[in-house]
Amino acid sequence: MNANSTTFRFAGLVFLFQILAAAVLLFGLGALLRSQSRDAAISRAETMRTDLLESYQFGGAEALGQAVDGRLMAGGSRGAVLFLADARGKPIAGNLRQVPPRLAPSRGYTLLKVARTDHVMPEAMFLRVGRLTGGELFVTGTIVESERKVLAQLERASLAALALSIVFAGFAAFVSTRLITDRLRATVATLRNVRGGDLSQRVPRDGTRDAFGLLGSEVNATLDRVETLNAELKIATDTLAHDLKSPLTRMKSALDRLGRTVREPEALASVDQALAESERLMAMIETALSITRAEAGLGRESFERTNLTEMLATIVEIYAPMVEDEGRMITLNASSAVIVPIHRQLMDQAIGNLIDNAIKYGAGAITLSVRNVEGGVLIAVADEGPGIPPERHAQALARFQRLDDARGGWGAGLGLSLVQAVARLHSGTMELRDHAPGLEVAIVLGGQADPAA
Amino acid sequence: MTQKILLIEDDTTTADFIANGLEEEGFLTDRAANGRDGLFLATDGTYCCIVLDRMLPGLDGMAVLAALRGAGIATPVIILSALGSPEDRIKGLTSGADDYLTKPFAFAELLARIRLIVRRGTAAPAVQTVLRCDDLEMDLLSRRVQRGGRQIDLQPREYRLLEFLLRHVDQVVTRTILLEGVWDYHFDPGTNVIDVHLSRLRKKIDEGQARPLLHTVRGAGYRIGAQP
């Protein structure tokens, strides 16, 4: 999936917000609990300190020492840490062995791991040391070991939950994108079928009035319009063809009659020329109509399973004498029978057009070929003329029309348009290839060919 | 016996043109300007061929055809139509028509097709093994061709072309009839493709002969026969 695709971005966004929400919840809660436990511990220690310092004011170090011991002996102050030492650091009273070396005198509390006098294991505690007016060092604090343990456990649990939430977030992202693509699948499939020529396809209604439902109904409304326009166009072209044909018929009839009555050779030549031109005009109308119909996907019902090898052999036979008269050759290059369902008459016409072009604009031998290729069947007409350089193939496809206009004739443009329309009708494409030397025009049919029968 | 042809066509100009042409060629024509009249006349059953326009006021051409065939009338029918798409053509032929001609057409083309159909209807020949035209002979079993006792070597495509011509001796066959009849090819290449075939065949058959057999019919096509 492309990182720029909206689906990918959407999935990424869902993922990111899921993770963010989980992280804020877990770490936020941890931080809150931590700060609460710290505040409680400090306030307890400070209350003790204020109480005890009163004894110091009244009775000095000795009274404070007794008060400390008394406080520690009494049951009500579990978790309390108290320590009094003289100016040189010699212990006077309390449940520490010494002033912890890492503890500097300050007004704030520091979290340290220190072992009490009657304990082996160091415990986490908030401590504050201050020098009293007589030079003694007085340490107060609260043990927070058990809270620390709970918090550490909470932290581990948070990390595990976060890891889990990454999985959940990934899943949520996956599900939400699948939801979108699933909702769009019917629309996409419908449009694909319409592009394939089935204009009657519509997006199934799902009754929801969300963005996807709206998109579906808009697509359907557009397709309704396209279908109407297409039907109108078809009626218009059919009518036009019919309307054009009637006067053309009368014109040809008149010329025909004239041709059978006049005897002057000069008049006869003119009549013949006019007849030939009217026939050409007729052929152009027919070709244009064929293109319109093929482009609209009309005619698929006439597909017949046809042996392309036999069909091309027949075409070679028909064209051979004329090509040979020009001092050139036309051959078929096919190893086995290739049988595919095709519109026989349109394919005949398309290949005929390609041969006409090879005769008019190409040179040397003309080779027809048919073979199975990756994912389909390839029918090609190649010549040995100057060809078209590969880098100009795409340009040439678009330019055939104008190239043809420049010649003041018709054939290649309309002819190739027909080849392209016929290829598309068969779910295929028209391609220009280098024949080294010469040009190869290929019709690549998408349908899988039967194994040689 | 004069052969009668029924022409069902609403366009007066086209109908005049066809009727005049057919009468010049010795046919008798009855005309109907709409499907209902046409069907009424057709049930008479004495016609050797019906030329039926597809788009008619009242009863449409295809409906007339269906009614005829439904009534068991087997008179050959040639459909004339401005609808030239392969689908229309196939639909016409599968609905019981014997031939289908797209407008505009050359009169010679219609005439040739009428003659082909009429001949087919009257003379249903027994299985032939030898086709003849004057001193030209084609043995269908040994696939040998000779003229006046002289063996003629033909390529397979020339053989098939000549066979088709010999099966229609003294009839005019157009280029499109040849493309359809010999190769089952329903697209007119529009070039002189067929002319080249014929000129090659003519070289092999008629060169050095006092009496040419293969004739070009101006504005129509070709004819094989002893008469010039």
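# Briefing: chains A and B

A:T140 lies in strand 5 (residues 137–143) of chain A. This is a predicted model. Chain A has 453 residues, of which 41% count as buried. Chain B has 228 residues, and buried ones make up 50% of them. Between the two chains about 3400 Å² of area is buried.

**A:T140 and its surroundings**

- A:T140 counts as buried because its relative accessibility is 0%, under the 20% cut-off.
- The side chain of A:T140 makes a polar contact of 2.8 Å with the side chain of A:R49.
- Setting aside neighbours within four places in sequence, A:T140 touches A:A45, A:R49, A:V81, A:L82, A:Y109, A:F126, A:L127 and A:R128.

**Chain A overall**

- Chain A contains eight helices and twelve strands.
- Among contacts in chain A with a separation of 6 or more, 62% join residues 24 or more positions apart.
- The accessible surface of chain A is about 24600 Å². Carbon and sulfur atoms account for 59% of that surface.

**A:E391, a loop residue**

- A:E391 sits in the loop between strand 10 (376–382) and helix 7 (393–407) of chain A.
- A:E391 counts as exposed because its relative accessibility is 66%, and the cut-off is over 50%.
- A:E391 and A:D434 are 43 residues apart in sequence. Their C-alpha atoms are 10.0 Å apart in space.

**Chain B overall**

- Chain B also has its elements counted: eight helices and twelve strands.
- In chain B, residues 24 or more positions apart supply 58% of the contacts with a separation of 6 or more.
- The accessible surface of chain B comes to about 10000 Å². Carbon and sulfur atoms hold 50% of that surface.

**Where the chains meet**

- On one side, 40 residues of chain B are in contact. On the other, they meet 37 residues of chain A.
- The size of an interface is often given as the accessible area lost when the parts come together.
- Here that buried area is about 3400 Å², with 55% from carbon and sulfur atoms.
- B:P104, B:Y185 and B:R218 supply 19% of the area that chain B buries against chain A, more than any other three residues.
- Four salt bridges cross the interface of chain B and chain A.
- One salt bridge pairs A:E317 with B:R160. Their closest N and O atoms are 2.7 Å apart.
- The elements of chain B that give two or more residues to the side touching chain A are helix 1 (12–24), helix 4 (86–94), helix 5 (107–122), helix 6 (156–166), helix 7 (175–183) and helix 8 (193–206).
- By class, that side of chain B has 18 nonpolar, ten polar and twelve charged residues.

**Positive phi in chain B**

- Most residues other than glycine have a negative phi.
- B:D170 is not a glycine, yet its phi is positive, at about 65°.
- B:D170 is in the loop between helix 6 and strand 10 (172–174) of chain B.
- B:D170 counts as partly exposed because its relative accessibility is 41%.
- B:D184 is also a residue other than glycine with a positive phi, near 55°.
- B:D184 lies in the loop between helix 7 and helix 8 of chain B.
- At 43% relative accessibility, B:D184 counts as partly exposed.

Conventions. Residues are numbered from 1 along each chain as its sequence is written. Chains are lettered from A and ligands numbered from 1 in the order in which they are written. This is a predicted model: local features need pLDDT of at least 70, side-chain atom pairs count only at pLDDT 80 or more; totals for chains, interfaces and linings use all residues. Side-chain values use heavy atoms; hydrogens and water are left out. Contact means heavy atoms within 4.5 Å. Buried area is the accessible area (1.4 Å probe) that two parts lose on being put together, summed over both. A salt bridge is a side-chain nitrogen of Lys or Arg within 4 Å of a carboxyl oxygen of Asp or Glu. Helices (H or I, at least four residues) and strands (E, at least two) are DSSP runs, numbered from the N terminus. Ala, Val, Leu, Ile, Met, Phe, Trp, Tyr, Cys and Pro count as nonpolar, Asp, Glu, Lys and Arg as charged, and the others, Gly among them, as polar. Buried means under 20% relative accessible area, exposed over 50%, partly exposed in between (1.4 Å probe, protein chains only). Accessible areas come from the Shrake-Rupley method with a 1.4 Å probe; for residues, only the protein chains shown count as cover. A polar contact is a pair of N or O atoms within 3.5 Å; within protein, one must be able to donate a hydrogen and the other to accept it, and residues adjacent in sequence count only if both atoms are side-chain atoms.
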